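Let us walk through this model from the inside out. Keep the structure in view as you read.

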Amino acid sequence: MTSISKNFLLIGKSGVGKTATFNSILNKSEPNISSGPIKPDVQSMVTEEGTNVSAIDGLNVIEIREAADFTEVEKALAYVDGISAFLIIMKFGERFTEADGDVILATKAVFGEGVLSRFGICVFTNGDMFKRQVDSGNENFHTIEEWLDEETGKMKEVYEDCQRRVVLFDNKLKIEDKKQNQRLNLFQKVDSMKTKSNSKYTLKEFEDFDGKEKLIQRKRQKDMAADTQTKIKDFRDRFHKMSKEGLDRQGLIDLQKELEKQLLEKECSPESVHLRVLLDEVKSAIGCGNTKIKSPPQKKYDNGQLDVKTASQNEEFITIQLSTKLLSEIEEAFAKFTKLNEELLKTENVAFELKKEIESMILSFLDLQSKLKDARVKENSVHEEALSNGKHYPTNPKSDQGRSLSCNLL
């Protein structure tokens, strides 16, 4: 196989233009069809300048959790003989979301904490929108670097993490010279990186990184927790059914044994708390001494007094029902709390966007003040010059109003 000099791994959430950028880098006119969420699509080309280029697309780092997934990544790394740059694809004009953050965290978890610092390049798509905003003359930036310098928050952190390496891509370009220029700009970024580190991210480095085992273990724990929660729901549904239909005592004893076995396996897990609560309820139901889980009959003596034992069973039965109801209410309240917390996060995001709009309006206001000051100084200068020459300089009422407004604002 031909020696490959520049190899790119494209990373980003769905919808940011990874595949379009993949096609632009490889100078492909036809749409590329990704091979799936895990199995990456690896393609190569030789540019007119003789540069050997390979690109890897279709790799969803968030879905990489099983040993088989890592095997697919290893195959891709072996094919391209190392990665020259990890291209973090983001879309200009869209805010940095939680999904973008998850992609960054997953990339570091799969390939190593320092991978972006050494090999990361931010690639912003939607270059046509960027150009329109610059051409409008209403913005304070002219380059993607100037725009990022004014940004704050997580997007700026990713830019800094990539050592301020960034390129802008317009994947809708039709003019070949312009398409070639944006590719060459990307290649030059890689060349500057090679000068500093003189290395690629290799298959050996990926194999030696111990984070893969942690991810696999975390995935197993997550699956086990989900399985336990499903079993707890099944246990609780069975217990509720017993409470309503009055199954026999043996059914409760069998349920108790299953719960005790499950609790022994999950003793140190967070789910053990729910298992213990349910187990206590089942034990209390068995302790009632009645063959059916239903309200015991109102047995009375000849003198009309209620049987003490029966009264005790009634009281315990009511306690069980109340505790079951209370636990359900707690679970419902927790679900409401989770929903409210999600709504609060959305509200915070809206507030952040409003803050940015207000800051932009303040900057525009300050710019207007500066222009008013300059105009006032110029007007005074012309007025003084006219007076020194013995000429009468007529005042403009509208100008006086503007001067008065400016003074009031100041």
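The largest nonpolar core has 58 residues. Such a core is a set of buried Ala, Val, Leu, Ile, Met, Phe, Trp, Tyr and Cys residues joined through side-chain atoms within 4.5 Å. Buried means under 20% relative accessible area, exposed over 50%, partly exposed in between (1.4 Å probe, protein chains only). Phe-8, Leu-87, Phe-111 and Phe-124 have the most contacts inside this core. Strand β4 (residues 85-91) gives the most to it, with six residues. Strands here are DSSP runs (E, at least two residues), numbered from the N terminus. A second, separate core has 14 residues, including Leu-252 and Leu-263.

This is a predicted model: local features need pLDDT of at least 70, side-chain atom pairs count only at pLDDT 80 or more, and totals for chains, interfaces and linings use all residues. Residues are numbered from 1 along each chain as its sequence is written, and side-chain values use heavy atoms, leaving out hydrogens and water.

Now the sheet. It is open, with six strands in the order β2-β3-β1-β4-β5-β6 and mixed pairing. Two strands pair if DSSP finds at least two bridges between them. The edge strands, β2 (41-46) and β6 (166-168), each pair on one side only. Strand β5 (residues 120-125) runs parallel to β6, joined by three bridges. Phe-124 stands opposite Leu-168 in β6.

Cys-122 is buried, at 0% relative accessible area. Cys-162 is buried, with a value of 0%. The disulfide count is zero.

How values were computed
Helices (H or I, at least four residues) and strands (E, at least two) are DSSP runs, numbered from the N terminus. A disulfide is a pair of cysteine sulfur atoms within 2.5 Å.
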